[in-house]
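Biologist: I have the model open next to the sequence. Could we go through a few parts of it together?

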Amino acid sequence: MLLPGFLSLLCFWLLLLPSASAQQPAARHDTVYFTSGRRSIRLPFKLVHNLIVIPVKINNSNSLNFILDTGVRSTLITRLYYSDSLELNQTNRTQIRGLGSGYTIEAIISKGNSLRLPHIKGENQEIYVLMEDVFNLSTRMGMPIHGIIGYDIFKNFIVKVNYSSKTLTLYRPDVRLKKKRKAEEYPLHIENDKAYIYANVRQHNGDTLQVKLVVDTGASHTLSLYLPTDERLELPPKTMEAFLGRGLSGDINGKIGRLAGFSMGRYELQNLPASYPDEESIRAALNIANRNGNLGSDILKRFTVVFDYPHKRLLLLPNNKYKEPFHFNMSGFEVSTPLPGVNFYEVTNVVPNSPATAAGVQNGDELISINGKSCFDLNLNDVLDTLESKPGRKLRLRLRRNGEEIDVNLVLESRI
């Protein structure tokens with residue numbers, strides 16, 4: 001589910017649908033609450049690929065790393081390691097499917113579980129465990145990732161995400177936060193456990209259209225637009241074919257191009273890349289809530305964001321990244337970490353007719369150094385920041401291939 005190397009983004013297509021043979025889930029009666037009388041709780045998080053990673057304990061497990069994703073209804077365990085110990089309650093096997101052009105996959109559905117964060121406890125939690133690690137999150141994120149959590153947190157608290165300080169502040173649902181003077185407030189529409197906003201996109205033909213977007217902290221891109229949902233939506237004049245991500249049911253393919261502008265209230269962002277998935281890849285989502293796409297974290301990270309599900313509102317306050325241009329990986333290859341948690345990087349998914357192919361970079365090459373800096377001293381964000389810097393930048397890569405070290409020169413190139 002890593003986007004192609006020239007984007008180097010993660011996108012979670014997690015529309016979770018039971019297969020035709022699976023039973024529909026019963027109504028849920030879970031609860032998540034503070035374990036003390038505090039008004040709020042502040043939690044640090046890790047930010048990788050624009051995605052929020054928090055520690056969660058399930059039943060009597062050790063601390064597990066979960067991506068916090070507003071687009072996910074059910075807590076999802078995507079991978080467990082040999083060192084992980086996890087006991088689940090009331091388990092049954094099921095078949096599930098999601099977005100993508102492939103197949104259904106086998107999973108375990110477990111009910112009656114507890115989850116814990118610092119000073120927070122959840123009871124009677126429903127959890128899905130994938131029997132196949134279809135997302136390979138750990139190798140894409142450079143650290144062990146065990147799953148994805150979302151609605152169970154957002155529905156029970158007011159959640160403030162400070163991307164600059166990398167902290168979450170959770171408030172009791174009865175708290176009414178005051179809007180800061182420079183912040184803007186927007187209606188947040190909660191439908192079938194998902195949060196939607198209305199925004200405007202300005203296309204290169206001059207048209208400005210209102211679109212309905214699901215707010216998706218689990219998508220590290222800017223936004224995705226579904227062309228079949230509105231005949232006025234058009235591809236930008238310059239696009240490129242792209243592997244956009246991985247869904248529960250297979251690959252998501254489509255195109256990438258730049259929008260002239262995106263606006264919410266008085267805030268407008270210009271010249272930003274947008275994804276346009278193929279109709280076949282997103283067929284299951286086209287008739288859900290009449291939505292036109294999703295809003296991702298490459299936009300959200302430019303604000304301090306308050307998700308106020310109890311009062312159905314979204315607050316945005318620009319931070320120091322608000323005016324930064326939108327960059328993307330222009331190298332033409334992806335980077336993965338076969339040993340999550342270790343600064344060891346391999347080249348994957350080299351894109352045809354890209355700077356990487358022109359320089360002779362191949363799938364499976366080990367990255368030894370970039371511009372003289374050893375990759376063992378660079379974390380995954382450091383590597384990706386280099387590949388996303390600016391067009392025309394020259395990179396000196398030292399690679400190891402079949403036990404032999406080779407040097408290549410590569411020039412970053414924007415193709416959109």
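Biologist: Which ring does R302 lie over, and how far is R302 from the ring centre?
Modeller: R302 lies over the face of F326, at 3.6 Å from the ring centre; a charge counts as sitting over a ring if NZ of Lys or CZ of Arg is within 6 Å of the ring centre and within 35 degrees of the ring normal. Please keep in mind that this is a predicted model, in which local features need pLDDT of at least 70 and side-chain atom pairs count only at pLDDT 80 or more, while totals for chains, interfaces and linings use all residues. Residues are numbered from 1 along each chain as its sequence is written, and side-chain values use heavy atoms, with hydrogens and water left out.

Biologist: And which ring has K212 over its face?
Modeller: That is Y196, with K212 at 5.0 Å from the ring centre.

Biologist: Switching to β24, how many of its residues are buried?
Modeller: Six of the six residues in strand β24, residues 303-308, are buried, where buried means under 20% relative accessible area, exposed over 50% and partly exposed in between, with a 1.4 Å probe and protein chains only. Strands here are DSSP runs of E with at least two residues, helices are runs of H or I with at least four, and both are numbered from the N terminus.

Biologist: Which of those side chains point which way?
Modeller: F303, V305 and F307 point one way from β24, whereas T304, V306 and D308 point the other way. In a regular strand the side chains alternate between the two faces of the sheet.

Biologist: What does β24 pair with?
Modeller: Strand β13, residues 158-162, pairs with β24 in the antiparallel sense over five bridges, and K160 stands opposite V306. Six bridges join β24 to strand β25, residues 313-318, again antiparallel, and the bridge partner of F303 there is P318; two strands count as paired if DSSP finds at least two bridges between them.

Biologist: What about the turn between β24 and β25?
Modeller: The two strands form a hairpin with four residues between them, and K312 in the turn has a positive phi of about 50°.

Biologist: Last topic: how many aromatic pairs are there?
Modeller: The count comes to eight, taking rings of Phe, Tyr and Trp (its six-membered ring) with centres within 6.5 Å, and calling planes under 30 degrees apart stacked, over 60 edge-to-face and the rest tilted. One of them is Y151 with Y309, which is tilted, at 6.1 Å centre to centre and 45° between the planes. Y151 lies in helix α2 and Y309 in the loop between β24 and β25, so the pair ties together parts that are 158 residues apart in sequence.

Biologist: Are Y151 and Y309 buried or exposed?
Modeller: Both Y151 and Y309 are buried, and ring pairs link Y151, F154, F307 and Y309 into a cluster.
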